[in-house]
Amino acid sequence: MSESLLFTPGKLGPLTLRNRTIRAAAFEGMCPNNNPSQQLRDYHVSVAAGGIGMTTLAYSSVEQSGLSFPHQLWLRKEAIPELRKITDDIHKEGAAASIQVGHCGNMSKKSVAGQLPISASYGFNIYSPTFVRKMRKDEINNVADAFGTGVNLAREAGFNAIEIHAGHGYLLSQFLSKYTNHRRDEYGGSLENRMRFMSMSVEKALEAAKGDMAVIVKMNMNDGFKFMGGMQTDDCILVAKKLESLGVHGLVLSGGFVSHAPMHVMYGSMPTKTMAYYMEPSIIKPLAKYFGKMLVPTVPFKEAYFYEDALKFREAVKLPLIYVGGLVARDKIDMVLNSGFEFVAMARALVNEPGFVNRMKQEGDIRCNCEHANYCIGRMYSVDMKCHQHIEGELPKCIKREIEKTKQH
């Protein structure tokens, strides 16, 4: 295949990647007791060995209060030694290492967060299900400070970059969206006020980065719904411009709201029977099994599903943009890079095939073997993220039937 941008170096602030590929920050579910594991290490090292420019450890919380799952990473001092082993091994394979940091807000669970979930405003989260408490101003300051602390911890652990999660309806996104932010103080009302907490958190991270770590932000291009205050493209472009003015080194352009439009994040069908099968017995298990399709409606999958929205952001800002969403084939990857995006990020393609980047380099115009059955998503909330094609042993018949029904070639 003729030369393309894909295998040329690219810069994110002080960081240069060997090529234009990034393993997107998709929840691995590989951190039992909120600690990094050998499984997490093996997976990210395999992606690094597979040719990726940078691999991102996902969904780590900057505070215990931001945890949703017992197998979710909590970025704290005790985790540093094992995280350092992971980053050392990633670097040995020639890739850079990034860590996504955030706070789940109203998606947190009291059993692991140690307290009632907190958010921009009081409310009830049906997906947990749980009541949610409005954050006090001192808590807002403390969580913003925790993003700065997270950068220092990440540096100690050997990471080259930090990705702040300000999308998908997690805490920073909950402040941005009128759907979840009903405050009447300086953190609510106007978009400028609703951006205040995000800006504080980003400023703390940039200050701690000291110019030697890349700071990127994952943000929504829209919340995936128009009524009840969901963020739309015009306001999200203003958020992107605000982040650019703050000096972040890149933006990951995504969309969706996990507590209202979850499949707008990932597109496709949620395998609710798979999700229910792996859940611990609870009130949610039968709801997921029998009413899951009503609670999590399908959003039809197509390759490069965020492309048209992302082009609007490419026109609006000048900083490096990282495209994510539905990239499983070389032709669409080259299309995105040729449209002015500096990097492409992939998740499900690299769960299916950690060596996909190297295979593209060797074979050219190819597609990975991902079938988008989303089995990996269905099980990650209770077990880990793993492709159904790599499961040892026989899957239950109900899951096999669901895979055949939902997979897309």
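**Barrel and cavities**

User: Which residue in β13 does Arg23 stand opposite?

Analyst: Arg23 stands opposite Met346 in β13. This is a predicted model, in which local features need pLDDT of at least 70 and side-chain atom pairs pLDDT 80 or more, while totals for chains, interfaces and linings use all residues. Residues are numbered from 1 along each chain as its sequence is written, and side-chain values use heavy atoms, without hydrogens and water.

User: How many bridges join β3 to β13?

Analyst: Three bridges link strand β3, residues 21-23, with strand β13, residues 343-346, and the two run parallel. Strands are DSSP runs of E with at least two residues, helices runs of H or I with at least four, and pairing takes at least two bridges.

User: And what does the whole sheet look like?

Analyst: Eight strands form a closed barrel with parallel pairing, in the order β3-β4-β5-β9-β10-β11-β12-β13. Ignoring direction, neighbouring strands are turned by 25 degrees against each other on average.

User: Which residues are closest to its centre?

Analyst: Of the 13 residues lining the largest cavity (an atom within 4 Å of a point), Cys370, His372, Asn374, Cys376 and Cys387 are the closest to its centre.

User: Which helix gives the largest share of that lining?

Analyst: Helix α14 does, with three residues; α14 (348-352) and α16 (375-380) each supply at least two residues of the lining.

Terms used: Axes are lines fitted to C-alpha atoms, for helices over the stretch in contact, and angles run from 0 to 180 degrees between N-to-C directions. On a 1 Å grid over the protein atoms alone, a cavity is a set of points where a 1.4 Å probe fits but cannot get out, and a pocket is an open set with protein on both sides within 12 Å along at least five of seven lines; lining residues have an atom within 4 Å of a point.
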